[in-house]
Amino acid sequence: MTQRQQQPLTLIEVEALARSAHEGQTDKAGRPYAEHLAAVAEGVRVRGGSPEQQAAAWLHDAVEDDALSREWLDSAALPQPVKDMVLAVTKRVGEPVEEYAARILATPGALLVKEADLAHNADPARLSVLDGPTRERLSAKYAYVRSLLGLTAR
């Protein structure tokens with residue numbers, strides 16, 4: 001293992017890597033996906049999140065969206081808590097939302113990452129560009145996950 005591989009990626013390197021991994025992807029509103037990642041990372045920062053939580057925010061959808069593989073994450077030059085948070089907020093196919101929420105609550109640091117993610121996902125300006133049924137479905141989904149996580153409505 002070289003010296004560089006032993007040094008953890010910096011937050012700037014994680015951001016660049018996440019932006020590159022999600023290049024060409026768009027969100028439900030057709031916006032570049034990197035805008036969502038940046039908003040979640042900033043949401044973590046302004047909520048007092050650590051650099052490790054900010055790194056996890058940049059990577060929070062990478063494995064779930066197949067932008068980066070689980071194997072990449074396992075071998076990445078990242079502190080174990082970052083990897084744990086990323087995996088905690090990664091939805092698994094067929095997994096009940098209650099189990100997903102329990103995993104987030106059981107993983108140190110992951111709740112703040114998911115709180116920032118939900119806050120951006122439920123942003124009224126972001127939801128306003130979606131059709132009514134989609135907006136209502138997503139709003140109900142986000143509210144239910146917030147309730148499972150013990151997060152109060154904002």
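**Close-up 1. Helix α4 passes helix α6 in a right-handed crossing.** In this predicted model, local features need pLDDT of at least 70, side-chain atom pairs count only at pLDDT 80 or more, and totals for chains, interfaces and linings use all residues. Residues are numbered from 1 along each chain as its sequence is written, and side-chain values use heavy atoms, with hydrogens and water left out. A crossing is called right-handed if the near helix is turned clockwise from the far one by less than a right angle, and left-handed if anticlockwise. Helices are DSSP runs of H or I with at least four residues, numbered from the N terminus. The axes of α4 and α6 (residues 80–88) lie 9 Å apart and meet at an angle of about 40°, where axes are lines fitted to C-alpha atoms over the stretch in contact and angles run from 0 to 180 degrees between N-to-C directions. The two helices α4 and α6 are therefore oblique to each other, a word for angles that are not under 35 degrees (roughly parallel), over 145 (roughly antiparallel) or 65 to 115 (roughly perpendicular). Glu-52, Gln-53, Ala-55, Ala-56 and Leu-59 of α4 make the contact with Pro-81, Val-82, Met-85 and Val-86 of α6, contact meaning heavy atoms within 4.5 Å. Of the residues in this contact of α4 with α6, seven are nonpolar, one is polar and one is charged; Ala, Val, Leu, Ile, Met, Phe, Trp, Tyr, Cys and Pro count as nonpolar, Asp, Glu, Lys and Arg as charged, and the others, Gly among them, as polar.

**Close-up 2. Helix α3 (residues 33–46) packs with helix α8 (residues 110–121) at an angle of about 130°, their axes being 8 Å apart.** That angle makes α3 oblique to α8, and the crossing of α3 and α8 is right-handed. On the α3 side the residues are Glu-35, His-36, Ala-39, Val-40, Gly-43 and Val-44, which meet Leu-112, Val-113, Ala-116, Asp-117, His-120 and Asn-121 in α8. The residues of the contact of α3 with α8 comprise six nonpolar, four polar and two charged.

**Close-up 3. Val-14, Ala-18 and Ala-21 are the buried residues of helix α2 (residues 11–21).** They cover an arc of only 65° around the axis, so they sit on the same side of α2, the arc being that of the directions from the helix axis to the C-beta atoms. Buried means under 20% relative accessible area, exposed over 50%, and partly exposed in between (1.4 Å probe, protein chains only). The buried residues of α2 pack against α3 and α4 (51–59), whereas Ile-12 and Ser-20, on the other side of α2, are exposed.

**Close-up 4. Ala-57 is found in helix α4.** This residue, Ala-57, is buried, with a relative accessible area of 0%. When its neighbours within four places in sequence are left aside, Ala-57 is in contact with Leu-37, Val-40, Ala-41, Val-44 and Val-113.

**Close-up 5. Arg-103 has its place in helix α7 (residues 97–106).** Arg-103 is buried, its relative accessible area being 14%. Leaving aside its neighbours within four places in sequence, Arg-103 is in contact with Leu-87, Ala-88, Thr-90, Lys-91, Arg-92 and Glu-95. Although Arg-103 and Thr-90 stand 13 residues apart along the chain, their C-alpha atoms are separated by 9.8 Å.

**Close-up 6. Asp-66 is found in the loop between α4 and α5 (70–75).** The phi of Asp-66 is near 60°, a positive value in a residue other than glycine. With 68% relative accessibility, Asp-66 counts as exposed.
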